[in-house]
Amino acid sequence: MQFNRIFVSEDIDSNNLGVTTMLQSLGYTQIGHSQYCDEALLKLKKAIMDGSPYELLITDLSFDNPRDKKNLLNGQELISAIKEIYPEVKVVVFSVEDDHNTIKSLFEDQKIDGYVCKGLNGLKELKNSLEAISQNKQFTCPIATAVLQQKNVLELDAYEQQLLLFLAQGHKQNEISTLLKEKGISPNSIRSIEANISKLKDYFNASNTTQLVYVASSMGLI
């Protein structure tokens, strides 16, 4: 399916503009927006009543709303409210929040379709989410995926943490091998280092070492 009408609920002007500009670059022209959850719900309801509902809602979770009187306090409440009257709407959350329970609850309880963390690659991942959701697939960005799959940080052993640290410092595998040998840490062969890095990439759903370092850093592991 191709989305004809997309609604963006975001209280920060620069973020709203960034999302809208990205959508326009993809050819979308019917884009609604609001900086307030209550107003967003009213506009979404009106579109339904007019017979031209928005097919996709992109929303933040937290809103610094200066209006004193408000019924909906956050993105979760907005999602619940619109899903109650129009369950067909697709929803992507675009947020800085990276809490395991929050993300898990949004997928299980509020039946969202995608979760993208704001940050360096946020808009790129948001673009990827549109492609996946248009094919009726759920989507999580690498950080959200890693959070949902995350084992206890304490279970990362000293060796794994050291590897991540060396990678973050920009060392290549042969350099890491030398550094490990100097520290008396094993395994320190290039083959074993490659295998352990590959395991970490699989675990954190990273396609390359740069993404691995980015996700690990975002999760506070290094």
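1. A residue is called buried when its relative accessible area is under 20%, exposed when over 50%, and partly exposed in between, with a 1.4 Å probe and protein chains only. By that rule Gln-110 is buried, with a relative accessible area of 14%.

2. This is a predicted model, in which local features need pLDDT of at least 70 and side-chain atom pairs count only at pLDDT 80 or more, while totals for chains, interfaces and linings use all residues. Residues are numbered from 1 along each chain as its sequence is written, and side-chain values use heavy atoms, with hydrogens and water left out.

3. Gln-110 lies in the loop between helix H4 (100-108) and strand S5 (114-117), where helices (H or I, at least four residues) and strands (E, at least two) are DSSP runs numbered from the N terminus. Apart from neighbours within four places in sequence, Gln-110 is in contact (heavy atoms within 4.5 Å) with Gln-76, Ile-79, Ser-80, Lys-83 and Ser-105.

4. How many of the eight residues of H6 are buried? Six of them are, so helix H6 is largely enclosed by the rest of the structure. The buried residues of H6 are Pro-142, Ile-143, Ala-144, Thr-145, Ala-146 and Val-147, and what covers them includes H4, S5, H5, strand S6 (139-140) and H10.

5. The lining of the largest cavity has five nonpolar, three polar and one charged residues, where Ala, Val, Leu, Ile, Met, Phe, Trp, Tyr, Cys and Pro count as nonpolar, Asp, Glu, Lys and Arg as charged, and the others, Gly among them, as polar.
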